[in-house]
Amino acid sequence: MNEYTYPIAFGVIIGLASRIYMLKTDYRQYPTYLHGKIIHLSLAFIAAGLGTIAVPAIMEEEFSAITFLALAASQFRDVRNMERNTLTELDEFELVPRGNTYIEGIAIAFEGRNYLVMLSSFLATLTYLIWNVWVGTIVGIAVILISHRLMTGGKLKDIVDIEYVEPHFDGAGLYVDNIYIMNIGLPERQQEVLRYGMGFVLKPKTFDARITLANLGQRQAILHDMSTALGVYRDSGTPALVPLAKRDLDDGRVGIFVLPQEHDVNVALSILEEVPTLENAIRMPTKYRKKKVKKWI
C-alpha cells in the first residue's frame with residue numbers, strides 16, 4: 001500500500017454510496033430488481049474508480065492519465081444507448097407505452113448519474129488528500145445530498161392544477177368536462193367506459209406550462225404512469241379502452257381519460273401530481289419573448 005490507497009478506497013466508497021442513494025426501483029419497476037440494479041451498481045463502481053484515481057494522477061503530475069476521463073465519457077454514452085434500446089424494446093409490449101420522450105429522459109438520467117458518481121468520488125478524494133478524512137466525509141455526504149437533489153426533476157403539480165371530472169357522453173362522443181376525447185358508438189362499450197373510466201382536467205398555471213402540456217410525449221408519460229400505478233382496464237385489440245389525453249385548443253387545458261383497475265380518486269390525484277415533467281418536453285416561450293422585447297427596446 002502507498003499514501004493513496006486509503007484516499008482511493010474512500011473515494012470509491014463515497015461514489016458507490018452516492019449511486020446507491022440515487023438508485024430506486026419505484027412503481028414503474030425500473031431498474032428491475034435484482035439484475036438491473038447489479039448492472040447500474042457495477043457501472044457506478046467503474047465511475048467512482050475513474051473519478052477518484054484522477055486526483056492522485058493530477059498530484060503526481062501524470063496529466064496524460066487524465067485523458068482516460070474522455071474515454072469514460074464515451075463509455076457512459078453507451079449506457080444511455082443501452083437504456084434507450086432496452087426500454088424501446090420493452091415498450092412494444094406495454095398496454096400503455098411510455099413513449100419515446102419518456103424513454104429518452106430516463107436514458108439521459110442514467111447517463112448523468114454516472115457523471116455525478118465521478119464528481120462525488122473526485123471531490124471526496126481531493127478533500128481527503130488536502131485536509132483529512134473527516135473533512136472528506138463531510139464533503140462526501142454533502143455531495144451525495146446534492147447529487148440526490150439534482151436527480152429529482154420537476155413534478156406535474158408544479159405546473160398545473162388538477163381537477164377530477166366524471167367522463168360523460170354526448171351522443172357517441174366521450175367528453176371530460178367539455179374536452180372531446182373520442183367517439184364510441186356501441187352502447188355496451190359506452191356503459192363499460194362509464195363504469196370503469198375516470199377523467200381529470202389539467203389546468204396550466206402559466207403560458208409556459210400550457211406549451212409543455214401540448215407536448216405529446218409529456219401527455220403519454222402521464223397516461224403511462226397512471227396506468228402503471230393504478231392498473232388499466234384493457235387488453236390488446238380493444239381500441240375503445242385506450243387511455244387518452246386531449247387538449248382544449250382554446251385555453252390549453254388537457255383532459256385525461258383513464259380506465260384504472262383501482263378506482264380511487266385520491267390515489268389517482270396523488271399519482272398525477274407526482275408525474276415527472278420531462279426535460280425534453282419543457283418549453284419556455286415567455287423567456288424568448290422577453291429577450292426579443294429587450295432587444296428591440
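Buried means under 20% relative accessible area, exposed means over 50%, and partly exposed is in between (1.4 Å probe, protein chains only). The model is predicted, so local features need pLDDT of at least 70 and side-chain atom pairs count only at pLDDT 80 or more, while totals for chains, interfaces and linings use all residues. Residues are numbered from 1 along each chain as its sequence is written, and side-chain values use heavy atoms, with hydrogens and water left out.

**Exercise 1.** Work out whether Asn215 is buried or exposed, and what it touches.

*Solution.* Start with the place: Asn215 sits in the loop between α7 (207–213) and α8 (216–230). (Helices are DSSP runs of H or I with at least four residues, strands are runs of E with at least two, and both are numbered from the N terminus.) Next, the relative accessibility of Asn215 is 17%, so it counts as buried. Now list its contacts (heavy atoms within 4.5 Å): skipping residues up to four places away in sequence, Asn215 touches Thr101, Asn280, Ala281 and Arg283. Last, its side chain reaches the backbone nitrogen of Gly217 at 2.8 Å.

**Exercise 2.** Check the span of helix α2 against its number of residues.

*Solution.* The expected span is 1.5 Å times one less than the number of residues. Helix α2 (residues 35–59) has 25 residues, so it should span 36 Å; the end C-alpha atoms are 38 Å apart, which agrees.

**Exercise 3.** Look at phi in Glu61 and Asp177, then place each residue.

*Solution.* Here's the background: most residues other than glycine have a negative phi. Glu61 has a positive phi, near 60°, and so does Asp177, with phi near 60°. Glu61 follows α2 and lies in the loop between α2 and α3 (68–91). At 61% relative accessibility, Glu61 counts as exposed. Asp177 belongs to the loop between β3 (173–176) and β4 (179–183). With 35% relative accessibility, Asp177 counts as partly exposed.

Conventions. A polar contact is a pair of N or O atoms within 3.5 Å; within protein, one must be able to donate a hydrogen and the other to accept it, and residues adjacent in sequence count only if both atoms are side-chain atoms.
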